[in-house]
Amino acid sequence: MRTRAEVRAFLDSQVGKIPQHPAPYQDLSGQCVTGVKVLLDFLGVPNPYAARGNAKDAGDTLLRQGLAKPGPGWLTIVVNRTMGNIGGVTYGHIWIDLQGEANYESNGARALYMTKNTRPYNQGQQYINLDQWIGEDEVKIGSSENWYWRFNRFHHQLVRNADLPRSVFNQIVGLDAWKVLESWSDHPEANQLIKWQEIGERADKDKWDQQIYGLQDDLNIANANLLKAQQQLGESVSKEELAKANQAIADAQAAAKKAREELDAKLKADAEADKVGQGFLRWLIGKITGGK
Amino acid sequence: MEDITRQPDISPAAKKAFVPEPPAEDENEN
């Protein structure tokens with residue numbers, strides 16, 4: 001499929017040239033029908049140089065063969081059936097019109113040569129279109145800051161959570177935006193980011209931060225109780241008080257142990273639920289327990 | 001140099017250079 005930009009550029013490249021017809025009908029080079037045939041060839045239409053009648057009939061043939069659709073489009077073929085009366089025979093005239101942009105004709109205003117904007121649209125009597133052969137225009141990545149901003153954002157979202165290096169940006173300027181997004185979306189790190197996203201969603205939903213702070217508080221209380229019990233032990237004199245202090249220490253140790261076990265169990269369960277998160281959870285465990 | 005301003009018909013020079021198409025062969029296509 002050709003894009004509109006490609007069709008424009010192709011037709012402009014033909015202006016001032018004689019459209020060439022291949023063998024065995026090289027003598028048709030430069031004819032108005034040949035001007036349409038070279039376009040058909042460019043568009044990839046089957047048998048572009050087949051004989052489809054003189055100008056007045058060629059539009060009907062293209063419709064009959066399903067190669068064009070009735071009515072004007074963006075890429076319109078215009079036929080006038082009454083022009084081109086030569087030696088008492090009317091052959092008609094055929095040309096190309098890009099809707100609202102330009103028109104191109106061969107052997108019309110200038111013998112055998114392709115000219116641009118020399119044939120008024122309203123001289124047409126039949127309008128058919130070749131839009132079925134036109135694909136979507138590419139959107140090319142520009143070099144301006146808004147393009148950098150947007151693709152830097154895509155980079156964070158699809159490749160890794162880091163700024164897009166300018167050197168990489170410079171390499172994608174001028175490329176088809178869709179193709180670049182497609183390749184980034186297929187990047188191995190993009191899949192990793194999805195997994196991290198899932199962990200993040202679970203952490204947010206289950207309020208891991210609050211759970212961690214709650215368990216940290218329990219641990220701190222247990223540690224404080226232990227310290228207090230140790231102080232009491234130092235100050236105690238009687239046998240009875242010593243026994244009481246020992247019991248307090250044992251209780252505090254048990255509470256601390258319990259809190260730590262709960263925290264470890266919670267983090268371990270989450271780590272086992274998703275191995276991808278282990279690195280992150282190990283970091284959390286280390287952070288909470290001081291690397292123990 | 002020919003006049004390539006808009007004309008109501010193809011130019012006289014174009015008429016002089018005209019070559020008709022061979023018979024349509026579309027019945028054998030598709």
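In this predicted model, helix H1 of chain A spans residues 4–14, and its buried residues are Val7(A), Leu11(A) and Gln14(A). Look down the axis of H1(A): these buried residues fall within an arc of 55 degrees, so they line one face of the helix. An α-helix has 3.6 residues a turn, so residues three or four places apart point the same way.

What does the face of H1(A) turned away from its buried side carry? That face has the exposed residues Ala5(A), Ala9(A) and Ser13(A). The buried residues of H1(A) pack against several elements of chain A, among them helix H2 (32–43) and strand E2 (75–80). Strands E5 (93–98), E6 (102–106) and E7 (114–116) of chain A are also packed against by these buried residues. Just after H1(A) comes Gly16(A), with a positive phi of about 85 degrees.

**The core**

The largest nonpolar core has 31 residues. Those with the most contacts inside it are Val36(A), Ala55(A), Ile77(A), Ile94(A) and Ile96(A). H1, H2, helix H3 (55–64), E2 and E5 of chain A each supply at least two residues of this core. Its largest share, 6 residues, comes from H2(A).

Which residues does Ile77(A) touch, leaving out those up to four places away in sequence? They are Val36(A), Gly59(A), Leu62(A), Ala68(A), Ile94(A), Ile96(A), Ile128(A) and Leu130(A).

**The sheet**

Chain A has an open sheet of 6 strands, with antiparallel pairing. The order is E1-E8-E2-E5-E6-E7. Strand E1 (69–70) and E7 of chain A stand at the edges, each with a single partner strand, so one side of each has no neighbour in the sheet. E2(A) pairs with strand E8 (residues 126–129) of chain A in the antiparallel sense, over 4 bridges. In E8(A), Tyr127(A) is the bridge partner of Val78(A).

Chain B has 1 helix and 0 strands. Of its 30 residues, 17% count as buried. The mean pLDDT of chain B is 75, and 57% of its residues reach 70 or more. For the complex, the predictor gives an ipTM of 0.78 and a pTM of 0.60.

Notes
Residues are numbered from 1 along each chain as its sequence is written. Chains are lettered from A and ligands numbered from 1 in the order in which they are written. This is a predicted model: local features need pLDDT of at least 70, side-chain atom pairs count only at pLDDT 80 or more; totals for chains, interfaces and linings use all residues. A residue is buried if 20 or more other C-beta atoms lie within 10 Å of its own, exposed if 12 or fewer, and partly exposed in between; C-beta atoms are placed from the backbone. pLDDT is the predictor's confidence in each residue, from 0 to 100. The arc is that of the directions from the helix axis to the C-beta atoms. Two residues are in contact if their C-beta atoms, placed from the backbone, lie within 7 Å. A nonpolar core is a set of buried Ala, Val, Leu, Ile, Met, Phe, Trp, Tyr and Cys residues joined through C-beta atoms within 7 Å. Two strands pair if DSSP finds at least two bridges between them.
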